[in-house]
Amino acid sequence: MSTVREVNFDGLIGPTHNYAGLSLGNVASQANAGEASNPKAAALQSLSKMRLLIDLGLVQGFLPPLPRPNFKALYALGFGADERTAIERAWRCDPAIVATVYSASSMWTANAATVAPSTDTKDARVHFVPANLASNLHRQFEGSQTAQLLQQVFADPDHFRHHPPLPGGVFFSDEGAANHGRLAPSHAEPGLHVFVYGDDGARYPARQSRAASAAVARSLELNDQRVLLLKQSPAAIDAGAFHNDVVGVANENVLFLHEQSFADRDLALARVRECAPGVEIIEAPSREMPLEDAIASYLFNSQLVTLGDGKMALILPVEARENQCANDFLKRVLEDDNSVAALNFIDVRESMRNGGGPACLRLRVVLNGAEQAAVSPLFITDPDGIERLEAWVARHYRDRLVADDLRDPDFAREALDAVSTLYGMLGVRLPN
């Protein structure tokens, strides 16, 4: 039996989780702007998802939230040199600036980095390229801090290699693994890396540039013959698929996607079949699954995982069960002859209301036995670890947060102290 496994590292949702509507093109984020959030429920929902994956027999990791608010950014913007002054002056200038530095968006670790397993890289190490997230100010702050965190999780240079985020601003705009998928006969075998980039639609801008995708592939030191760059459908972008993982997900030899994922669907799928012989494509036709229903239900932002018996399961938001089109399509998927053998619905509504489903909340890392042993055990969890994290959330998180709370310097200190406490519990360095 192969010791190569996919490990999911989920982002633990931070105590400043709020609905500021900062993400242009993210329909849910903008629709819920200004509503009250529940950070405690959000974090507990994310932990419940991690518990499910553990119960299914998978290895589950987690990444702690980044410290927010980001006072370093406020100071750099000239709002003062102490916390209270910076918050008060920034709020008077523009509350949106305050919301930006409070953003808990690092919870969506599918955007943390793009990862290539050692099976596919020239030096036989696992490579990481943190995303620069250049398209949105509230996310640009994450790249350097995420890099620091990943270097603590995957510290052994014999097994792991870390690259800096791409330079160059929006020309090299990179949003990480949310626009990347890997197809292979199994996790243990060499794979095809599919990078999906976009051009601006009529309503919304694209997040991932072609130049960035090509640069990430080079940085990962992949074989050119195992890299495929495909263009995302502008219609999907305009419907709210700001990342490609909103309309498609890959796992081993299966590609599960919507018919309107790619700009040239026929050519794209022909290239996938050519480069990944034996690929199994499970596609939802637009006539059965209108793009609007796919976006509303986040059906394709599910996690597609391989279980211990070799069968695959979908980890889906409950919205996919509640949407009639999505539910009908899923019933047909189960009835058809394909690799999907089970559906697991989970409640991640707090994340969904900000436009992030199950797949957004995790970074997938394929590791062999030696690499798994080299990962810091502090970031691998089990049922007891989940309970400890739940207890920490219960002690430190509020169950209601509104925009006006962000102007309170005491809340800022409360949130930072909570995250600092967690890093202290883990015995790891707080990113700066």
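Predicted model: local features only at pLDDT ≥ 70, side-chain atom pairs only at ≥ 80, totals over all residues.
**View 1. Strand β13 sits inside the structure.** This strand covers residues 312-317, and six of its six residues are buried, so β13 is largely enclosed by the rest of the structure. Look at which way the side chains go: M312, L314 and L316 point one way, while A313, I315 and P317 point the other way. Whichever way they point, all of these are buried.

View 2. With β14 (residues 340-346), the pairing is parallel and spans six bridges. There, P317 stands opposite I346 of β14.

**View 3. The largest cavity holds about 500 Å³ of space.** The whole structure has four cavities of 30 Å³ or more. Around the largest one are 34 lining residues, with H180, G181, R182, A250 and R364 nearest the centre. Strands β3, β6, β7, β9, β10 and β15 each give two or more residues to this lining. Sorted by class, the lining comes out as 20 nonpolar, eight polar and six charged residues.

**View 4. The second largest cavity has a volume of about 240 Å³.** Its lining is made up of 25 residues, and those nearest the centre are S103, S105, W108, H138 and N354. By class, the lining of this second largest cavity has 15 polar residues, eight nonpolar and two charged.

Conventions: Residues numbered from 1 in each chain as written. Heavy atoms only, no water. Buried < 20%, exposed > 50% of the residue type's maximum accessible area, 1.4 Å probe, protein only. Helix = DSSP H or I, 4+ residues; strand = E, 2+ residues; numbered from the N terminus. Pairing = 2+ DSSP bridges. 1 Å grid on protein atoms, 1.4 Å probe; cavity = no way out; pocket = protein on both sides within 12 Å on 5 of 7 lines; lining within 4 Å. Points joined across faces, edges and corners; volume = space filled by probe spheres on them. Nonpolar A, V, L, I, M, F, W, Y, C, P; charged D, E, K, R; others polar.
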